[in-house]
Protein chains: 2
Amino acid sequence: MRIVVADCSVDYAGRLSAHLPRAKRVLMLKSDGSVLVHSDGGSYKPLNWMSPPCALTTLELEDEQHDAGIVEAWQVVHAKTGDKLIVSLFEIMSDSSHELGVDPGLIKDGVEAHLQELLADQIELVGDGHQLVRREYMTAIGPVDILARDAAGASVAIEIKRRGGIDGVEQLTRYLELMNRDPALAPVQGVFAAQEIKPQARTLAEDRGIRCLVLDYDAMRGMEDHNTLF
Amino acid sequence: MRIVVADCSVDYAGRLSAHLPRAKRVLMLKSDGSVLVHSDGGSYKPLNWMSPPCALTTLELEDEQHDAGIVEAWQVVHAKTGDKLIVSLFEIMSDSSHELGVDPGLIKDGVEAHLQELLADQIELVGDGHQLVRREYMTAIGPVDILARDAAGASVAIEIKRRGGIDGVEQLTRYLELMNRDPALAPVQGVFAAQEIKPQARTLAEDRGIRCLVLDYDAMRGMEDHNTLF
DNA sequence: CTATGCATCTCGCAG
DNA sequence: CTGCGAGGTGCATAG
C-alpha cells in the first residue's frame with residue numbers, strides 16, 4: 001500500500017469521461033494495482049478511482065507536460081475493459097509505503113445472527129408460553145440456531161435464515177431427524193423462521209411438518225430498542 | 001485529513017453488527033469526522049467506515065483494554081442514526097495530517113452528453129444523407145439535443161436519452177409542437193434516440209409520429225476510437 | 001424537504 | 001461463469 005499526498009489533476013476515460021481539476025488530494029495505491037483518489041470530505045466513495053484488475057505505469061513526461069509544471073504522471077489501465085485513469089502530479093507533499101499483509105476480512109454478525117439474538121429475546125413470537133432453552137444448541141452434525149420448549153414443555157428446534165430457501169429446510173430436517181432419536185428431547189417440533197420464506201421452501205417445510213414463521217426484523221429491532229435503548 | 005497506518009481491530013454497530021479482527025490497516029480520518037478503514041486490496045469500498053455527519057472522540061482506556069495491548073481507542077458516532085464505529089489501536093505505524101482544502105469536484109462528461117457528441121459526429125446513423133445543423137439547438141422552452149436535416153432538406157429534431165422513457169417522449173413532443181410553429185423549420189420530424197427504449201415510450205412515440213432509434217453506444221464509441229485513437 | 005432512479009456502483013449468492 | 005438482488009449503498013435530480 002502506497003499513500004501519496006499530492007497536488008494533482010486526474011482524468012478518467014472509460015464508461016464515461018471525467019476530469020478532476022488540479023487540487024491537493026490523497027492517492028491510495030493498493031498492491032493489486034488499484035488506485036483511489038480521495039478528497040477531504042464526502043463519503044467512502046473516492047472522487048475517482050480504478051478498480052482491480054488493473055496496472056499502474058509511470059509515464060514518460062512530454063516537454064509540454066514538464067512546462068505545465070507536471071513532475072510525474074501515472075497511467076492506470078484496467079486489464080479487461082481498457083478503462084484508463086491518468087494522474088498528473090504537480091507537487092508531491094508526501095509519499096509513503098506500508099506493508100499491510102492480507103486482511104482477515106470482515107465478520108458480519110449479520111442479520112442472521114442478529115435475528116437469532118432478537119428471536120431468543122422474543123421467543124414468545126414462536127408461540128405463547130414458549131421458553132428459550134439455549135441458542136446454538138450443539139448436535140453431532142452442528143449447532144441448531146435456537147432450542148426452545150413450548151407451553152406444554154415439548155422441544156422446539158428453530159432454524160433461522162434471512163431468506164428462507166430449500167436448503168435451510170433441508171438443514172433443519174437433518175437436525176430434527178437426529179434430535180428425534182434423542183429420548184431426552186423427542187418429540188422435537190421444527191420451526192423454520194426467516195424474514196422471507198420462498199414458496200418452494202414453505203411447501204417443502206409444511207410437507208415435512210415443519211412450521212414456518214415469517215419474522216419482521218424491523219419490528220423486532222424496534223421492540224429491542226424500546227427495551228434496552230441500546 | 002489525517003492518515004493513520006496501524007495494527008487495529010474495528011467494531012461497527014448500526015444497521016448490522018460487524019467486526020474486523022486485528023490486522024494492519026490504513027485509517028483515513030476526514031475533516032468532516034468521517035472515517036474509512038482500508039485494507040490493501042478490494043475495490044474502493046472500505047472494509048468498514050462511518051459516513052458524515054459524524055463525530056470522532058478518543059475513548060478513555062479501561063484497564064483491561066490496556067492489558068490487551070490497546071494503546072488508543074476511537075469512537076465514531078453518526079450524528080443522526082447513532083450508528084457507532086469503534087477502532088481499537090494496538091500499534092501505530094504512521095500518523096500524519098495534511099491540509100487539503102476544499103476540492104473543486106468532479107467534472108463528468110456523462111453518457112448522455114457523450115452520446116450526443118457521438119451521434120452528432122455519426123449523424124448518418126439517423127438516416128442516409130442526414131446532415132447536422134447544430135447540437136443544443138435553442139428553443140424558447142429549452143435546447144433540443146440535435147437539430148439536423150434529412151436528405152430532402154427537411155428539419156429533424158433529435159432527443160437523446162440513455163434510457164428512453166415516457167418523459168423523454170413528452171419532452172420531445174413539446175419541442176416539436178413549438179418548432180412546427182416556426183415557418184423556417186416546419187415541418188419538423190422527431191427522432192427519439194436512446195441506448196434502450198422502453199416499450200411504453202416506443203408506443204407513445206410512434207403513436208405521435210416520432211421515430212425511435214436505438215443507439216449502440218459501444219459500437220459508436222468503437223467507431224470514434226477507430227477515427228481518433230483517443 | 002423527501003422520493004426516485006442511476007451508478008465507472010460493489011458484493012455475494014443462486015443457478 | 002453469469003445473472004440477479006441487496007446494500008450501513010452514494011449521488012443527483014425532480015417534485
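1. A salt bridge here is a side-chain nitrogen of Lys or Arg within 4 Å of a carboxyl oxygen of Asp or Glu.

2. The model is predicted: local features need pLDDT of at least 70, side-chain atom pairs count only at pLDDT 80 or more, and totals for chains, interfaces and linings use all residues. Side-chain values use heavy atoms, with hydrogens and water left out; residues are numbered from 1 along each chain as its sequence is written, and chains are lettered from A and ligands numbered from 1 in the order in which they are written.

3. Polar contacts and composition. Between chain A and chain B, 18 residue pairs are in polar contact, both residues at pLDDT 80 or more. A polar contact is a pair of N or O atoms within 3.5 Å; within protein, one must be able to donate a hydrogen and the other to accept it, and residues adjacent in sequence count only if both atoms are side-chain atoms.

4. B:D103. This residue lies in the loop between strand 7 (84–97) and strand 8 of chain B; helices (H or I, at least four residues) and strands (E, at least two) are DSSP runs, numbered from the N terminus. The side chains of A:R25 and B:D103 form a salt bridge at 2.6 Å, N to O. B:D103 is buried, with a relative accessible area of 18% (buried is under 20%, exposed over 50%, partly exposed in between; 1.4 Å probe, protein chains only). A polar atom of the B:D103 side chain is 2.8 Å from the backbone nitrogen of B:G105.

5. Strand pairing between chains. Strand 2 of chain A runs antiparallel to strand 8 (residues 107–109) of chain B, with three bridges; strands pair if DSSP finds at least two bridges between them. A:S17 has B:D109 as its bridge partner.

6. Strand 3 of chain A. Four bridges join strand 2 (residues 17–29) to strand 3 in chain A, antiparallel, and the two form a hairpin with five residues between them, where A:G33 in the turn has a positive phi of about 95°. Strand 3 is also joined to strand 4 (residues 48–50) of chain A by three bridges, again antiparallel. A:V35 is the bridge partner of A:L29 and stands opposite A:M50. From strand 3 (residues 35–38), A:V35 and A:V37 point one way and A:L36 and A:H38 the other, and all are buried.

7. Salt bridges within chain A. A:D95 and A:R2 form one, with the closest N and O atoms 2.8 Å apart; A:D95 in strand 7 and A:R2 in strand 1 are 93 residues apart. A:K161 and A:E159 form another at 3.3 Å, N to O, and both are buried.
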